Amino acid sequence: MKRYLYFFLTLTFLMLWSSCRKDFEFSPSTGNLQFSKDTVYLDTVFTDIGSSTYNLKVYNRSDQDISIPSVRLALGEASNYRLSVDGISGKTFENIEIQAKDSVFIFVETTIDINTLPSLDGTFLYTDQIEFDTDSNLQTVELVTLVQDAVFIYPNRDDTTKVIETLTININGEAVETDIEGRELSPSELTFTNDKPYVIYGFAAVPEQETLTIEAGSRIHFHENSGILVLNSASIHVNGEFSSDQDILENEVIFESDRLEPGFSDIPGQWSAIWLFEGSVNNIINYATIKNATAGIISDGNPLGGPDKLSISNSKIYNSSSYGILGRNSSINAENVVINNSGLSSFAGVIGGKYNFIHCTIANYWDSSFRQFPSLLLNNYTIDEDDNVIVTDLTEANFSNCIIYGDENIEILADEVEADQVAFNFKFTNCLIRFDDYNDTYDGPNYDFTNTDHYVNVILNNDPNFKDPHLNELIIGDESAANDQGDIGYALRVPTDILNVSRLTSPDLGAYQHITFDED
């Protein structure tokens, strides 16, 4: 009984207290607002592509509940900025209330057509202000966006049905309609220059018998689920050159997403891949950076004959959510290539093929999720939809003067299915490898590091002394176990490192000659 009486008295007290409480009384603001920033930088956007959403926090530090008579964009309805205050979108707002010692968020976005602006060399600095109150109480916060012009490549769209164009691909002589959104590049689009960036929506396909040439200094940006397809008998030639400024990489060709905000600079999986279809030929990539894809490069088929299906040199592939380079029964020649931070393997040569890597750094310090595959994966089989194992020749897989390393104990896997008259040929020569099989899980000749058919002058589990592999800084320092360990014969074939430094006097392993790190 006492419990119920206590409950009744408490409830009665709360009801009487609330009924006597006066409503909040809001006084007009007096120009004493404070802001989380005095300028909102919306970073760089491409013309006609919406920005990310940025926020501004407005503080009422006083002991009074206040009402801001007006919050508005200085350019009014003509502004290319959009605001959201208390969940309401617009460009002008009235009587925005903020309780004492409280705050309110304002969210800011923009979409700008550079063709309506006096563009200077393809860029324009677009500005506006958020104005709080008027006259003597007026306070402002600046809005700043750099707008960049671009060449846009996107599939056609039927205005009536809203259906987006998809690719028809010749597979084994038969035209196959796919559900891949995209289109073939026209003849006028087969040379990418460095005049403007390129922004690709869907897949841009290089037509049969044609070559896509990408000039030094070009910038290629991909929207979500977009990429480049190189079709049967077609080629891609990426003609980057060495850059004297390693911060801006003025002569490299850079492939990345169309999100230019700093928060997206190292996010994996923002676009799909550069995909070399079976039958594409003579693909050449030199001085390129490929970052933040699902798979940096997929190379399918053409394991024999010459030239190699893909020749890649002096290039870096970072932050791939699956594979850095995936070769599927293909032929790849790589020199001075750096691959790091891949959700699966940084390099995988699967279903057999032919692969030759000289002075490459194949590393994996992926930390975005659990990683189940090593930095380097080789196998000679696939399993079809009926669970049949199909075994194919791994004709050769040679890694010479390379570093294969990462933050897992096992960073190479030679996954062989033995079958009569099927080759599984691989060899590591003068390589630094991480393979610490402390549980004795791996046995057999593929993991016998004294077997000179597979391993010659390898160094196991010694520190490569990378500068900062989690930030994709794979240059090695004075304390690296890779220093002076290269075979001069392979160094003669690749006489300078990826930074154009001679390695002929005392070649180090990997893509970089070592340096002395600056002390912090």
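Predicted model: local features only at pLDDT ≥ 70, side-chain atom pairs only at ≥ 80, totals over all residues.
Q: How do you know what share of the protein is buried?
A: A residue is called buried when its relative accessible area is under 20%. Of the 520 residues in the protein, 49% are buried. As for the surface, the protein exposes about 25,200 Å², and 48% of that comes from carbon and sulfur atoms.

Q: What share of the contacts joins residues at least 24 apart in sequence?
A: A contact means heavy atoms within 4.5 Å. Among contacts between residues at least 6 apart in sequence, 66% join residues at least 24 apart.

Q: Why are β2 and β7 said to stand at the edges?
A: Start with the sheet itself: five strands form an open sheet in the order β2-β4-β9-β6-β7, with antiparallel pairing. In that sheet β2 (34–35) and β7 (88–90) each have a single partner strand, so one side of each is left without a neighbour.

Q: How do you know that strands β4 and β9 pair?
A: Two strands pair if at least two bridges are found between them. Strand β4 (residues 54–60) and strand β9 (residues 102–110) are joined by seven bridges, so they meet that rule, and they run antiparallel. One place to look is N55, whose bridge partner in β9 is F107.

Q: Which strands does β19 pair with in the parallel sense?
A: Strand β16 (residues 198–200) pairs with β19 in the parallel sense over three bridges. Four bridges join β19 to β22, and these strands also run parallel. To find these pairings in the structure, look for Y198 opposite I220 in β19, and for F222 with its bridge partner S257 in β22.

Q: Which way do the residues of β19 point, and are they buried or exposed?
A: From strand β19 (residues 219–222), R219 and H221 point one way, while I220 and F222 point the other way. All of them are buried, a word that stands for under 20% relative accessible area.

Q: What makes a space a pocket, and what lines the largest pocket?
A: A pocket is an open set of points, whereas the probe cannot get out of a cavity. The largest pocket holds about 1,000 Å³ of space. Its lining has 38 residues, and Q246, Y318, L471, N472 and E473 lie nearest its centre. At least two lining residues come from each of β22 (253–257), β25 (288–291), β27 (310–320) and β42 (473–476). By class, the lining has 18 nonpolar, nine polar and 11 charged residues.

Q: What lines the second largest pocket?
A: The second largest pocket has a volume of about 380 Å³. It is lined by 17 residues, with I171, F277, E278, G279 and D300 closest to its centre. β13 (166–171) and β28 (325–342) each supply at least two lining residues, and β13 gives the most, with three. The lining divides into seven nonpolar, seven polar and three charged residues.

Q: How do you know where empty space is left?
A: Rolling a probe the size of a water molecule over the atoms shows this. A search of the whole structure finds two cavities of 30 Å³ or more.

Q: What lines the largest cavity?
A: The largest cavity has about 50 Å³ of space. Its lining is made of T44, V45, F46, I49, G50, S51, D258, R259, L260 and E261. These divide into four nonpolar, three polar and three charged residues.

Q: How many residues in the lining of the second largest cavity are nonpolar?
A: Nine are nonpolar, one is polar and none is charged. Tyr counts as nonpolar, and Y447 and Y455 are among the lining residues. Others in this lining include L376, I412, F426 and N446. β31 (376–379) and β36 (412–415) each supply at least two of the lining residues, and the largest share, three residues, comes from β36. About 30 Å³ of space lies in this cavity.

Note on methods
Residues numbered from 1 in each chain as written. Heavy atoms only, no water. 1 Å grid on protein atoms, 1.4 Å probe; cavity = no way out; pocket = protein on both sides within 12 Å on 5 of 7 lines; lining within 4 Å. Points joined across faces, edges and corners; volume = space filled by probe spheres on them. Buried < 20%, exposed > 50% of the residue type's maximum accessible area, 1.4 Å probe, protein only. Areas by Shrake-Rupley, 256 points an atom, 1.4 Å probe, with all protein chains shown as cover.
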